[in-house]
Amino acid sequence: MNTNFYIGISGNSSVDWKGKVEEWLSYVAKEWSRFETNNELDRLNQLTVGEILKLSPDLYHCLKMADDYCILTEKLFSPYLKMHLEQHGYHQSFPFKEGERASIKIPEQVGNPFLFLGGGYVKKMGKQDVDLGGFAKGYVVEKIAEWLQHEISPEYGIVDGGGDMKMWSSGEKVWTIGIAHPNNDEQEINYIRIKNGAIATSNRIFRSWSQDGKKKHHLLNGQTGEVIDSQISQTTVVTNSLCLAEVATKLCFLLSEEDLQQWFKKHNLPCACFIVKEDNDCGYWLKEGGGN
């Protein structure tokens, strides 16, 4: 996953939770990466239209959640952009500075690429390929946090996967989380005080590269497959679900402030967004609730 994890929980436990977490992270990094061949995600992407595959329960659940958000956002967020990312030069794991031009014929997006049959079975309906990207990281962080909270440390805890965080507190414990400057992750420009909730951040500067002299980054418009052109440098979202936060950070780059607020109100999703523009180091808050 090319990500550093930090976990802090209350008390001591006789359960080897560190070993279990490391084992699952290693499994996900190997089986869900689009940069690996002959893993579970690759087998999914190698399906021809009409073929059926049984996925592991977690990958099935993660992909189904991502597909649900794809529908909810009218494809502004999409887990089906693997070929588009490769066409833009993102064909290897970071870090890299220059992206090679990929000659890929991308099929038109028609309907839903997968039919979810239940029991872990999916049927390929279209020619789009899957890249779960940051959504998978959010899913993994949230699953680890849920397991630790219910099985190991109900009092309080935090799971931080490369800045995507899930935290909980049953009492007085309050987490103070700094928001890094979009151009300097060692400088904080704001902070969040929170007991329970999730925080995700998307930055279009750190994960960027050049392709044929043109600047590219990893945030794409799911409807068009094109790199998002935005004056926003970084978005941080606070809400109850980390998977929702992952999706919402992308919407911040794509929707106007008014449309973003209307989207959250329409779907009754509490959320607070801290948005930093290129010419505004301090950023500004856009709130519809989120966390506590």
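Exposed means over 50% relative accessible area, buried means under 20%, and partly exposed lies in between (1.4 Å probe, protein chains only). The model is predicted: local features need pLDDT of at least 70, side-chain atom pairs count only at pLDDT 80 or more, and totals for chains, interfaces and linings use all residues. Residues are numbered from 1 along each chain as its sequence is written, and side-chain values use heavy atoms, with hydrogens and water left out.

**Around Arg 193**

Arg 193 sits in strand β8 (residues 184-194). Helices (H or I, at least four residues) and strands (E, at least two) are DSSP runs, numbered from the N terminus. Now show Val 174, Trp 175 and Thr 176. Arg 193 is in contact with these three, leaving aside its neighbours within four places in sequence. Contact means heavy atoms within 4.5 Å. Zoom in on Thr 176: its side chain and that of Arg 193 are joined by a polar contact of 3.1 Å. A polar contact is a pair of N or O atoms within 3.5 Å; within protein, one must be able to donate a hydrogen and the other to accept it, and residues adjacent in sequence count only if both atoms are side-chain atoms. Next, pick Leu 242. From Arg 193 to Leu 242 is 16 Å in space, C-alpha to C-alpha, and 49 residues in sequence.

**Helix α5**

Select residues 133-151, helix α5. This helix has 19 residues and reaches 28 Å from its first C-alpha to its last, close to the 27 Å expected at 1.5 Å a residue. The expected span is 1.5 Å times one less than the number of residues. Colour the buried residues of α5, among them Phe 135, Tyr 139, Val 140, Ile 144 and Leu 148. The buried residues of α5 pack against β1 (5-9), α1, α3, β5 (156-161), β6 and α6 (242-254).

**Salt bridges**

Which side chain meets Lys 143 in a salt bridge? Asp 58 does, at 3.9 Å, N to O. Lys 143 lies in α5 and Asp 58 in helix α3 (residues 57-72), so the pair ties together parts that are 85 residues apart in sequence. Lys 143 is partly exposed at 29% relative accessibility. Asp 58 is partly exposed too, at 22%.

A salt bridge is a side-chain nitrogen of Lys or Arg within 4 Å of a carboxyl oxygen of Asp or Glu. The whole structure holds 12 salt bridges.

Stay on α5 and select Glu 142. Glu 142 forms a salt bridge with Lys 166, the closest N and O atoms being 3.2 Å apart. Lys 166 is in strand β6 (residues 164-169), 24 residues from Glu 142. Glu 142 is buried at 8% relative accessible area, and Lys 166 is buried at 14%.

Move to Arg 43 and Glu 31, whose side chains meet in a salt bridge (3.9 Å, N to O). Arg 43 lies in helix α2 (residues 40-45) and Glu 31 in helix α1 (residues 17-31), so the pair ties together parts 12 residues apart in sequence. Arg 43 is partly exposed at 39%, whereas Glu 31 is buried at 12%.

**Last stop: Tyr 121**

Tyr 121 is in strand β4 (residues 121-124). Its relative accessibility is 38%, so Tyr 121 counts as partly exposed.
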